[in-house]
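Me: I'd like to learn how to read aromatic rings in a protein model. Could you take me through it?
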Amino acid sequence: LYAKNNMADMAERTLARMEEQYRRGNKAALPRTIHYTSVLDALARVMKSNPASDLKADRILKSMLNLYDTGSRHLRPDAVLFTTALNCYAKSKQKDSADRSLALLDLARKYNVELDIVAYNVVLRTLSTSGEKYYDQAMEILQGIEESQDICADSYTYNALVSGMDPEKAESLIQHWEWQYKRGNAAEPPDSYTYCALIKAWGRSNIIDAELKALDILDFMEESRVVGLSKIAYNETMTAFARSSRQDASAYIERIYDRLLRAYELTRRKDFKPDRFTYFSVIKAYSKTCNSHHQALKSHEVMLKLIDSRHADANICTNAISAWVHSGSDEAIEYAEELVSEMDKAGIRMDGISYNTLMNVYAQSKFPDKRARAFEVFNRMERLRHVNVTSVTFSILMVACQDNEDMVARVFQACIRHGMLDNRLKDIFIEHGPSSVRDQLASDEIPTEWSVNANRGPGGMSRKQIRNIQKRGSTGRDVHSFGWASSEGR
């Protein structure tokens with residue numbers, strides 16, 4: 001009862017009491033394999049909120065196997081028990097989940113338990129999300145499944161691998177899957193989920209022209225009428241372009257969006273109806289590549305619809321405001337302030353990045369009172385507890401104020417008061433500041449408290465951005481064709 005109602009802790013304690021009574025000789029408190037399986041299943045269901053539950057799962061499984069080994073032969077382990085334990089490891093997402101899953105496979109063989117395809121699918125999903133080093137072991141398991149006379153690979157088997165692979169390996173696997181399906185060794189062919197996972201893999205890669213590969217796959221899905229084709233494929237393709245560095249990304253996204261709208265108008269199917277993720281991709285692309293009033297206005301109109309539908313958040317609103325920063329429009333301030341007003345009405349709380357972006361709209365404009373307006377935004381940031389002023393904030397303030405020495409002096413005093421003076425800001429203040437500021441910065445011993453909170457590294461990137469780049473350690477790789485339609489000419 002506790003297990004069925006997601007009361008994992010109570011279920012675990014009840015089983016522990018039952019087992020204790022049984023070990024003391026109380027035959028009325030006879031635990032069954034299903035009791036252990038039920039508690040493991042309850043732990044798996046609460047794993048997201050309590051990752052340490054995988055250790056409890058280990059203890060419960062070992063305790064039951066100990067009873068079996070010492071004579072309680074009614075507690076024979078079965079495929080459901082091991083599959084449930086494997087699911088616990090998969091959902092825990094711990095660093096050693098893959099190794100523990102492989103060890104559990106070996107343990108099942110030791111007890112002569114014949115696992116079904118569900119268990120192997122769980123293991124493959126764990127391996128595919130645990131890093132490149134488990135690729136060979138995952139492929140060995142897949143080969144064993146394909147050669148088995150007792151089990152047959154299904155779409156979950158291959159999709160478990162595709163979702164965790166780099167795109168080039170995923171494409172090769174999908175082609176292999178199609179071949180296996182034609183030979184009768186796979187129960188189902190690649191489906192919409194498969195190709196969406198592949199589009200997503202290309203979109204998240206650092207490979208040159210990966211977004212065009214994503215578009216090729218979408219074309220293939222439309223032309224082949226892949227079962228289950230929906231807005232997810234279009235959304236993922238638009239997201240791939242939004243993440244790219246293409247200057248014409250917004251043009252591509254607009255065409256993909258139009259294709260999605262046509263599909264919806266033709267079918268009136270709900271799974272083709274654009275959703276907030278569709279609009280997020282459109283806005284993000286325009287914010288990155290916007291260079292005109294027309295493009296910024298498109299992003300603006302989509303953003304108002306999102307706010308009205310209650311699907312907007314501070315992050316996507318910031319992207320829409322950012323489009324006006326780069327638009328070069330004389331009306332940029334008016335439209336940016338409209339978005340901020342609508343955010344406020346909808347109860348969307350702006351964060352530090354949102355305020356920096358709004359300040360940048362003033363800084364980049366030709367508005368005669370832009371210095372005072374930028375400072376108004378800064379003063380509001382100081383008053384709000386949930387908003388953090390950063391070195392970027394003062395860089396933007398300097399863009400707005402650099403042609404007025406009195407205002408530069410004010411920015412400088414605010415900057416050192418917050419301890420945000422980094423090397424880049426120091427150079428800007430020396431270049432544009434009055435003599436009083438330059439004299440203070442000419443000293444060899446600048447007070448450490450002036451820069452104690454500086455959170456921007458070399459080149460103007462935040463330290464978080466630098467860490468992410470170091471973590472990726474990526475270099476652009478050329479895309480190799482694996483038989484998808486060519487993107488040339490679009």
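Reply: Happy to! Let's begin with charges and rings: a charge sits over a ring if NZ of Lys or CZ of Arg is within 6 Å of the ring centre and within 35 degrees of the ring normal. Keep in mind that this is a predicted model. Here, K169 lies over the face of Y135, 4.1 Å from the ring centre.

Me: Which ring does the charged end of R410 sit over?

Reply: That of F375, with 4.1 Å to the ring centre. F375 also belongs to an aromatic cluster, together with F378 and F394.

Me: What describes a pair of aromatic rings?

Reply: The distance of the centres and the angle of the planes. In this structure, a search of the whole model finds 12 aromatic pairs. Take Y158 and W177: their planes are at 15° and their centres 4.6 Å apart, so this pair is stacked. Planes under 30 degrees apart count as stacked.

Me: Where in the chain are Y158 and W177?

Reply: Y158 is in helix α8 (residues 155–162) and W177 in helix α9 (residues 167–183), so the pair links distant parts of the chain, 19 residues apart.

Me: Is Y158 buried or exposed?

Reply: Buried, because its relative accessibility is 0%. W177 counts as buried too, also at 0%.

Me: What kind of aromatic pair do F412 and F429 form?

Reply: An edge-to-face one, with 80° between the planes and 5.2 Å centre to centre. F412 lies in helix α21 (residues 405–417) and F429 in helix α22 (residues 423–432), so the pair ties together parts 17 residues apart in sequence. Both F412 and F429 are buried.

Methods
Residues are numbered from 1 along each chain as its sequence is written. This is a predicted model: local features need pLDDT of at least 70, side-chain atom pairs count only at pLDDT 80 or more; totals for chains, interfaces and linings use all residues. Side-chain values use heavy atoms; hydrogens and water are left out. Rings of Phe, Tyr and Trp (its six-membered ring) pair if their centres lie within 6.5 Å; planes under 30 degrees apart count as stacked, over 60 as edge-to-face and the rest as tilted. Helices (H or I, at least four residues) and strands (E, at least two) are DSSP runs, numbered from the N terminus. Buried means under 20% relative accessible area, exposed over 50%, partly exposed in between (1.4 Å probe, protein chains only).
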